[in-house]
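Please read them with the structure open.

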Amino acid sequence: MDCIVVPVRYPLSMHSRETLAEAISIADENDAELTVLHVNLYQNGKDVTRASLRRAVEREFGALSNTRFIVRSGFLIEESILNEAVAEEADVVVIGHKQIGRLRRIFRRLYNEPDIEKFLRARLSCEIVTVGGD
């Protein structure tokens, strides 16, 4: 079974809802497991719980089968997303278009790699789906 990882903000923003809707659709079409990820940034001092994340998502989309809710803490959202994608052996990572700019900046800084999709494909063997921003 495939694994889809989708990072979201909490409370769910309009962009997070759009991104999550696309990830749910992809998971349903492929009978895949879905991992909904939120990152508590240390510097923000807020602690979202798995239970509150789950309630927010289920309020918006109803009960979801084959879905895990993960809350990680970190300094960089991008690093946490990558760590989760590796840990879950993700086949697909669904991100909103607003994440692309941040991800490119971090990879240029860390790896001097200008093409994030190429970077992820080469190292993670996963597909990156970007939602919105057309």
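1. Ile95 has Thr130 as its bridge partner, and Thr130 belongs to β5. The model is a predicted one, which applies to every point below. Strand β5 covers residues 127-131 and runs parallel to β4, the two being joined by five bridges.

2. On its other pairing, β4 meets strand β1, residues 3-7, also in the parallel sense, here over two bridges. Within this pairing Val5 stands opposite Val93 of β4.

3. Is β4 enclosed or open to the outside? The strand spans residues 92-96, and five of its five residues are buried, so the rest of the structure largely encloses it. The cover is found on both faces: Val92, Val94 and Gly96 are buried on one side, and Val93 and Ile95 are buried on the other.

4. For orientation, here is the overall layout. The protein has five helices and five strands. Read from the N terminus, the order of elements is β-α-β-α-β-α-β-α-α-β. The chain has 134 residues, and 46% of them count as buried. Among contacts with a separation of 6 or more, 73% are between residues 24 or more positions apart. The accessible surface is about 7600 Å², with 44% of it belonging to carbon and sulfur atoms.

5. Leaving out residues up to four places away in sequence, Ile4 touches Ala23, Ile26, Ala27, Ala32, Glu33, Leu34, Thr35, Val92 and Val94.

6. Which rings pair up? A search of the whole structure gives one aromatic pair. The pair consists of Tyr42 and Phe75, whose ring centres are 4.7 Å apart and whose planes meet at 55°, so the pair is classed as tilted. Tyr42 is in the loop between β2 and α2, while Phe75 is in the loop between β3 (67-74) and α3 (77-87), so the pair ties together parts 33 residues apart in sequence.

7. Phe75 counts as exposed because its relative accessibility is 55%, and the cut-off for exposed is over 50%. Tyr42 has a relative accessible area of 48% and is therefore partly exposed.

8. Apart from residues up to four places away in sequence, Tyr42 touches Ser73, Gly74 and Phe75. The C-alpha atoms of Tyr42 and Ser73 are separated by 6.4 Å, although these residues are 31 apart along the chain.

9. Asn40 is found in strand β2. With a relative accessible area of 6%, Asn40 is buried. Beyond its neighbours within four places in sequence, Asn40 is in contact with Lys46, Asp47, Val48, Val71, Arg72, Ser73 and Gly74. Ser73 and Gly74 are also touched by Tyr42.

10. Some backbone details in loops deserve a look. Tyr10 and Pro11 are joined by a cis peptide bond, with omega about 0°. Pro11 is in the loop between β1 and α1. Asp31, in the loop between α1 and β2, has a phi near 50°, a positive value in a residue other than glycine.

11. Asn66 is another non-glycine residue with a positive phi, about 50°. The loop between α2 and β3 holds Asn66. Is Asn66 buried or partly exposed? Its relative accessible area is 40%, so Asn66 is partly exposed.

Definitions and conventions
Residues numbered from 1 in each chain as written. Predicted model: local features only at pLDDT ≥ 70, side-chain atom pairs only at ≥ 80, totals over all residues. Heavy atoms only, no water. Buried < 20%, exposed > 50% of the residue type's maximum accessible area, 1.4 Å probe, protein only. Contact = heavy atoms within 4.5 Å. Helix = DSSP H or I, 4+ residues; strand = E, 2+ residues; numbered from the N terminus. Pairing = 2+ DSSP bridges. Phe/Tyr/Trp six-rings, centres within 6.5 Å; stacked < 30°, edge-to-face > 60°. Areas by Shrake-Rupley, 256 points an atom, 1.4 Å probe, with all protein chains shown as cover.
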